[in-house]
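I have kept each point to one topic.

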Amino acid sequence: AEGMRESMARGLPDLLGYLTNQMQAGRLRRMQPVLAIQLLAGPIVVHLLTRPLAEALIGFQTPESELLDEIVHAWLRAMAPESHTDADAG
């Protein structure tokens, strides 16, 4: 736990800064950067926790690299900034 805390204390501010810069540049949807990280990490953690059960119960065999790519692509779609057309339609 201590090692994880130290790692996060070093890397988290850099990641938050990077996401903030991407949001300010209009490349990512604007939101609280911590929430953006949680929206990415949450599905990955749930996958890691549930995969052994899915493998045992239903023979889930999707390669982890494919699954992680799918999670990241879904996150990028969700984080895409709203277009002017979308904003005008709402």
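**Notes on the helix packing**

1. Leaving aside its neighbours within four places in sequence, His47 makes contact with Phe60, Glu64, Leu67 and Ile71. The residue has its place in helix H2, and with a relative accessibility of 7% His47 counts as buried, the limit for that class being under 20%. These values, like those in the points that follow, come from a predicted model.

2. How do H2 and H3 pack against each other, in angle and in axis distance? Helix H2, residues 33-58, and helix H3, residues 64-79, pack at an angle of about 155°, and their axes are 10 Å apart. Since angles over 145 degrees count as roughly antiparallel, that makes H2 roughly antiparallel to H3. The crossing of H2 and H3 is right-handed.

3. The residues that form this contact can be listed from both sides. H2 contributes Ala36, Leu39, Leu40, Pro43, Ile44, His47, Leu48 and Arg51, and these meet Glu64, Leu67, Leu68, Ile71, Val72, Trp75 and Met79 in H3. Sorted by class, the contact of H2 with H3 has 12 nonpolar, 1 polar and 2 charged residues.

4. Is Leu53 buried or exposed? Leu53 is also found in helix H2, yet at 52% relative accessibility it counts as exposed, the limit for that class being over 50%.

5. Helix H1, residues 2-24, and H2 pack at an angle of about 105°, with their axes 9 Å apart. An angle from 65 to 115 degrees counts as roughly perpendicular, and that makes H1 roughly perpendicular to H2. On the H1 side the contact is made by Leu12, Leu15, Leu16, Leu19, Thr20 and Met23, and on the H2 side by Pro33, Val34, Ala36 and Ile37. The residues of the contact of H1 with H2 divide into 9 nonpolar, 1 polar and no charged.

6. Gln22 lies in helix H1 and, at 13% relative accessibility, counts as buried; leaving aside neighbours within four places in sequence, Gln22 is in contact with Arg27 and Leu28. Arg27, for its part, is found in the loop between H1 and H2 and counts as exposed at 51% relative accessibility. With neighbours within four places in sequence again left aside, Arg27 is in contact with Gln22, Met79 and Pro81. The C-alpha atoms of Arg27 and Leu48, which are 21 residues apart along the chain, are separated by 29 Å.

7. Which pattern does the protein chain follow along the sequence? The chain reads α-α-α-α, and its secondary structure comes to 4 helices and 0 strands. The radius of gyration is 16 Å, well over the 12 Å that the globule rule gives for 90 residues, so the protein chain is more spread out than a compact globule. Taken along the principal axes, the C-alpha atoms fill a box of roughly 45 × 40 × 20 Å. Of the 90 residues, 14% count as buried, and among contacts with a separation of 6 or more, 46% are accounted for by residues 24 or more positions apart.

Terms used
Residues are numbered from 1 along each chain as its sequence is written. This is a predicted model: local features need pLDDT of at least 70, side-chain atom pairs count only at pLDDT 80 or more; totals for chains, interfaces and linings use all residues. Side-chain values use heavy atoms; hydrogens and water are left out. Axes are lines fitted to C-alpha atoms, for helices over the stretch in contact, and angles run from 0 to 180 degrees between N-to-C directions. Helices (H or I, at least four residues) and strands (E, at least two) are DSSP runs, numbered from the N terminus. Angles under 35 degrees count as roughly parallel, over 145 as roughly antiparallel, 65 to 115 as roughly perpendicular and the rest as oblique. A crossing is left-handed if the near helix is turned anticlockwise from the far one by less than a right angle, and right-handed if clockwise. Contact means heavy atoms within 4.5 Å. Ala, Val, Leu, Ile, Met, Phe, Trp, Tyr, Cys and Pro count as nonpolar, Asp, Glu, Lys and Arg as charged, and the others, Gly among them, as polar. The radius of gyration is taken over C-alpha atoms; the globule rule is 2.2 Å times the number of residues to the power 0.38. Buried means under 20% relative accessible area, exposed over 50%, partly exposed in between (1.4 Å probe, protein chains only).
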